[in-house]
Amino acid sequence: MPELPEVETVVRGLRQPLVGRRVEHVWYEREKVIAIPGAEDFAARIVGQTFQAITRRAKYIVCQMDHDVFGVHLRMTGRLYVAVESPADDRWVRLRLGLDNGESLHFSDARRFGRVYLAPDVTAFTQGIGPEPLDDDFTAEVFAERLRGRHRQIKALLLDQSIIAGVGNIYADESLFLAQIHPLRTADTLTGDEMSRLHEAVRHVLNQGIDHEGASVNWYRKPDGERGDSQEHFNVYDRSGQPCLRCGTAVLKIRVTQRGTHFCPNCQREK
DNA sequence: CCAGCCCCCTGTCGGC
DNA sequence: TGCCGACAGGGGGCTG
């Protein structure tokens, strides 16, 4: 659920409270929350390091420390926030980094899918991930080249992080709706115009998602605890049975690669 | 290269 | 009211 816009919103919200703070101690509920290195190494290495900068790569939150990169992947239900203590109603804190000002970075994650990472280089956990869709050099030509010759459903390709970074189930459906492309079309059947439209649509829906500070469909919250507004602006996601906002036809929901997939059968034709 | 399936987890919701 | 199965979907892994 946290996709590129949600992660970007978290990153922006964490910079002010985190940059310049030094880690003084580490607490975690279970070792498994730490993906790399081992839990003991993680704690020993991160203590004493200061947050220098916070950025995003794909759906990873990337914190540049003095000697290492500290990464977080929120997966489905992860939340990050800085506070002296977690709110009484947050039963899901899995890891805390105590800071030099008395506050802590809290990693809360109901479903325990989320992971943290510590490595000298960000590529230790982001190698193989495709281009950032909002970068200036991600042109329509670059996108078309990555899709070229692929005999695979376009929805599956949009979700594949090695093809394009940061797109998840919500923004994939919204992109395909905006570009008026059926989710089951294979990439090798798309015309140049369709690929160009999809390129523009992906960038548009991600930028809109950032402008609305992310989609709080259920678990996602900004670091300040507030909800984003992006879910108020969906055209098809989670709207099955409701009228298409363009033509009035009922939005359909099917399954594509095990994911709920929403589209307008009139605006997005199969062939 | 690709489709399909399982697994990791837990909260929520609809049906009975 | 309580129980139970389905569902949510990011990512990794395995099989055919």
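This is a predicted model: local features need pLDDT of at least 70, side-chain atom pairs count only at pLDDT 80 or more; totals for chains, interfaces and linings use all residues.
Residues count from 1 along each chain as its sequence is written, and side-chain values use heavy atoms, without hydrogens or water. Local features need pLDDT of at least 70, and side-chain atom pairs count only at pLDDT 80 or more, while totals for chains, interfaces and linings use all residues.

The largest pocket holds about 540 Å³ of space. A pocket here is an open set of points on a 1 Å grid over the protein atoms alone, where a 1.4 Å probe fits and protein lies on both sides within 12 Å along at least five of seven lines; lining residues have an atom within 4 Å of a point. The volume is the space filled by probe spheres set on the points, which are joined across faces, edges and corners. Of its 21 lining residues, M1, K59, M76, N169 and R259 are the closest to the pocket centre.

A83 belongs to strand β6, residues 78-83; strands are DSSP runs of E with at least two residues, and helices are runs of H or I with at least four, numbered from the N terminus. A83 has a relative accessible area of 16% and is therefore buried (under 20%, with exposed over 50% and partly exposed in between, for a 1.4 Å probe and protein chains only). Beyond neighbours within four places in sequence, A83 contacts E103, S104 and H106, contact meaning heavy atoms within 4.5 Å.

E194 sits in helix α7, residues 192-211. E194 is also buried, at 12%. Leaving aside neighbours within four places in sequence, E194 touches I181, R185 and T189.

Notes: Chains are lettered from A and ligands numbered from 1 in the order in which they are written.
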